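Hello,

Here is the structure I promised to pass on. Please open it first, then read the notes below.

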Amino acid sequence: MNFDDTPQEAEFRQVARQWVEANAPKEFEAELSKSSLGRIRLAKHDMVEVGKAWQKKKAEGGWACLHWPKEYGGRGATPIERVIWQQEEGVYGKLTQPFQIGEGMCGPTVMAWGSEDAKRRYLPKLASGEEIWCQLFSEPSAGSDVAGLRTRAEKQGDNWVVNGQKIWTSGAHYSDYGLLIARTDPNVPKHKGLTMFFLDMKSKGVEVRPIKQANGMQEFNEVYFTDVVIPDSQRLGNVGDGWNVSLTTLMNERMSIGSRLATGVPEMFEFCSNLMLEDGLAIDDPAVRSKLASWAVKSNGLKYTSYRAISALSKGERPGPENSIGKLVSGMMLQDIAAYAMDLQGAAGSLTGMSEETVHGQFQQMLLSSPSMRIAGGTDEILRNIIAERVLGLPGDIRVDKDVPYNKIPTKGR
Amino acid sequence: MNFDFSDEQKQMRDEARKFLSEQCPPKAVRAVLDGKAAYDKSLWKGLAEMGFLGVAIPEKFGGAGAGHLELCVIAEEMGRALAPVPFSSTVYLAAEAILIAGSDAQKQKWLPKIASGEAIGTLALFEGKGNPSPKAIKLTANGGALNGVKKPVPDGAIADFAVVAARTGSGSRESDISLFIVDLKAEGVEVKELTNIDPTRGQAEITFKDAKAEPLGAAGEGWGVITQVLDRAAVLMAFEQVGGADRALEMGRDYALDRIAFGRPIGSFQAVKHMLADMYVSATLARSNSYYGAWALSTNAGELPEAAAAARISATQAFQHCAKNNIQVHGGMGFTWEFDCHMYYRRANAVAVGLGSLSYWEDALIDRMRKKNAA
């Protein structure tokens with residue numbers, strides 16, 4: 001048992017480290033290092049532009065989507081090399097945020113289901129950040145039950161005509177292409193009437209509207225489709241096989257290993273170490289210590305769980321299912337930590353802004369944002385279902401709409 | 001990165017599991033639970049023959065000379081099987097104390113007997129309620145004679161010898177505490193068995209009246225040794241807890257698949273599924289924290305105090321959580337004597353306080369994290 005690289009890994013790390021050292025945009029290092037919780041914001045620069053420049057440089061150096069085959073813009077790297085790269089890319093990895101949906105979900109779907117022409121046309125530009133992709137799955141009435149989606153695609157000659165609405169689309173406003181799942185047959189049960197497409201986001205009839213979120217920010221969009229025309233050549237997989245195709249996308253969503261999720265623990269530890277209560281420092285209070293210790297071991301547990309997965313990759317094995325716990329644990333923890341920090345601040349705990357009493361509203365912002373951590377990318381409840389069914393082997397839920405034609409499924413509760 | 005046990009260590013785990021599933025089925029645990037024996041003597045003998053008792057004891061002292069990682073995988077299986085033998089007190093506490101502080105002669109005298117199963121040892125630390133603390137030790141040592149009362153002493157009623165923490169100074173500082181080895185069959189030692197929530201691992205009260213004792217380690221350095229022993233034992237016990245938690249989770253999962261209610265397996269109800277998923281989360285966090293503890297223990301890393309506390313907390317929480325909810329998944333049947341659920345519940349809650357309570361270790365973890373941050 002050790003934490004060392006194998007000789008080959010060490011050599012790869014050395015090459016990666018030297019390249020990052022020579023090429024990274026160091027002028028942004030301080031800003032990018034600042035916060036693990038808050039959103040990444042660059043005071044004087046546009047995040048997407050800076051990100052594109054970094055991604056382009058990486059692509060030229062052979063470091064973009066490095067686990068992809070070379071002919072599609074990657075490096076043909078092994079999974080463990082990808083993890084090492086992420087470690088060496090360090091804070092600059094935050095600049096790749098606009099490309100993560102494309103790299104993590106849209107790209108692998110095109111790779112698995114697209115024609116050779118499509119792969120050669122789209123994947124290298126996706127990898128280099130020249131073209132940004134977004135994912136158009138969720139709808140206002142189809143979240144966890146995404147197969148219940150309503151957006152319609154109807155065949156007209158060699159084209160499909162799309163009408164409907166998607167929601168929670170990150171980056172739709174700066175994306176060039178979108179991966180879209182739509183209903184092509186409402187007369188069959190819901191999973192069977194779906195088809196996957198990709199489309200140009202500048203197509204006529206596509207309208208992107210920002211959503212004002214519960215935390216007051218605007219990071220996601222609604223996307224409206226009005227008679228949008230998509231050529232049949234931009235279909236991925238067979239007509240009616242969209243659900244199956246979407247599983248490629250969603251599996252990749254939950255596969256990211258080595259990417260550390262924010263837990264709030266380091267921030268909370270520092271906060272409690274400095275907060276003076278009536279009887280002394282918060283960290284000397286037994287109740288505070290007990291909570292802090294419980295959170296610390298959860299956070300450590302996640303870290304060492306990911307080390308176990310990395311170790312499996314290093315041996316060329318498939319990691320076990322352990323990594324599926326990451327978001328479930330960290331999401332709840334962020335929310336609990338934020339609320340407890342505010343409790344320790346007492347009456348001033350509700351203050352936001354640059355208030356001195358509340359360390360610039362750090363935990364207040366965390367409190368307001370944390371509900372999304374427990375919903376986006378699979379709600380806590382869906383994640384528990386996945387663990388129960390795929391890891392523990394428990395039976396799936398009874399699905400009352402399984403064999404019912406989509407257009408006969410009730411649409412209102414009461 | 002190779003943050004995993006080696007193939008040889010995993011093979012040893014498989015061997016231990018196979019051996020214990022044959023030699024230590026629930027029926028064997030029940031024999032001790034029901035008071036038919038103080039511990040499972042034939043299992044103890046078998047463990048010695050397999051080389052498990054001396055796995056981390058050097059060859060020159062009669063052990064297998066493997067190491068602590070090997071001991072961790074065996075500990076996991078012991079916890080999984082709820083082995084009703086004095087393994088933790090003899091191997092994690094007594095043997096480790098002698099390995100850390102014993103003279104060559106003491107190692108030569110006791111370690112081969114531990115490895116061969118001839119001697120059962122324990123650590124006599126506590127004196128009534130409370131957590132490990134030099135202040136709590138009232139038992140005195142004067143001129144090699146001990147006077148005072150220790151309780152609870154794990155496996156004290158069946159132990160042949162004990163490492164005893166005694167006061168040799170007049171204050172309540174760490175340097176006032178020294179360690180001694182005492183032959184529990186000798187004159188001046190009175191042992192009384194206590195009842196406890198987990199009869200498969202006994203507890204005793206031991207009264208010392210001018211009992212003859214031999215110093216273990218230098219005078220005034222006892223507390224430092226105790227701290228090291230507790231850290232090592234915390235990691236090893238964490239593996240027992242991880243093994244127990246995993247088994248309790250499996251029992252709950254299996255029952256949820258078999259039991260039909262309202263016309264379907266109860267494992268198809270989300271209330272039950274989510275409970276089991278949360279048990280899996282706890283068990284996974286505990287396993288990962290324990291692996292880190294195992295790494296720190298096996299390399300004697302400076303991180304051991306922090307890693308041990310984290311492993312202890314995480315594994316205690318996981319075993320308690322899984323054992324408790326295993327009963328809940330079983331419903332009424334889980335509350336019968338006949339089903340095995342309560343044996344895991346008993347063990348989980350007994351070992352949760354055995355080396356010092358959760359709050360003690362939480363306190364320790366925060367102190368140790370602060371020390372690291374300050375450094």
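What pLDDT does chain B average, and what share of the residues score at least 70? The average for chain B is 97, and 100% of the residues score at least 70. Keep in mind that this is a predicted model. For the complex, the predictor gives an ipTM of 0.95 and a pTM of 0.95.

Chain A

Chain A has twelve helices and ten strands. Its radius of gyration is 23 Å, close to the 22 Å that the globule rule gives for 414 residues, so chain A is as compact as a globular protein of that length. Along the principal axes, the C-alpha atoms of chain A fill a box of roughly 75 × 60 × 45 Å. Of its 414 residues, 40% count as buried. Look also at the contacts in chain A between residues at least 6 apart in sequence: 68% of them join residues at least 24 apart.

One residue to check by eye is A:W168. Its phi is near 60 degrees, a positive value in a residue other than glycine. A:W168 sits in strand β3 (residues 159–170) of chain A. Is A:W168 buried or exposed? A:W168 has 23 other C-beta atoms within 10 Å, and 20 or more make a residue buried, so A:W168 is buried.

Where the chains meet

The contact between the chains takes 35 residues from chain A and 38 residues from chain B. On the chain A side, the elements that give two or more residues are α9 (286–314), α10 (326–345) and α12 (380–391). The largest share comes from α9(A), with 16 residues. By type, the residues of this side of chain A divide into 20 nonpolar, eight polar and seven charged.

Chain B: domains

Chain B is divided into domain 1 (7–88), domain 2 (122–220) and domain 3 (223–374). The C-alpha centres of domain 1 and domain 3 of chain B lie 19 Å apart. Between these two, 16 residues of domain 1 of chain B are in contact with 17 residues of domain 3 of chain B. On the domain 1 side, α2 (26–33) and α4 (68–81) of chain B each supply at least two residues. α4(B) gives the most, with ten residues. This side of domain 1 of chain B divides into nine nonpolar, four polar and three charged residues.

The core

The largest nonpolar core has 226 residues. Those with the most contacts inside it are B:A97, B:A162, B:V164, B:V182 and B:L276. Helix α7 (residues 222–258) of chain B gives the largest share of this core, 19 residues. Which residues does B:V182 contact, leaving aside its neighbours within four places in sequence? They are B:L146, B:F161, B:A162, B:V164, B:V189, B:A211 and B:A213.

Chain B: backbone details

Two places deserve a look. A cis peptide bond joins B:K151 and B:P152, with omega about -5 degrees. B:P152 is found in strand β3 (residues 145–154) of chain B. Then comes B:D155, in the loop between β3 and β4 (161–167) of chain B. Phi of B:D155 is near 55 degrees, again a positive value in a residue other than glycine. B:D155 has 25 C-beta neighbours inside 10 Å, so B:D155 counts as buried.

Best wishes

Definitions and conventions:
Residues are numbered from 1 along each chain as its sequence is written. Chains are lettered from A and ligands numbered from 1 in the order in which they are written. This is a predicted model: local features need pLDDT of at least 70, side-chain atom pairs count only at pLDDT 80 or more; totals for chains, interfaces and linings use all residues. Two residues are in contact if their C-beta atoms, placed from the backbone, lie within 7 Å. Helices (H or I, at least four residues) and strands (E, at least two) are DSSP runs, numbered from the N terminus. Ala, Val, Leu, Ile, Met, Phe, Trp, Tyr, Cys and Pro count as nonpolar, Asp, Glu, Lys and Arg as charged, and the others, Gly among them, as polar. A nonpolar core is a set of buried Ala, Val, Leu, Ile, Met, Phe, Trp, Tyr and Cys residues joined through C-beta atoms within 7 Å. A residue is buried if 20 or more other C-beta atoms lie within 10 Å of its own, exposed if 12 or fewer, and partly exposed in between; C-beta atoms are placed from the backbone. pLDDT is the predictor's confidence in each residue, from 0 to 100. Domain bounds come from an automatic or database domain assignment. The radius of gyration is taken over C-alpha atoms; the globule rule is 2.2 Å times the number of residues to the power 0.38.
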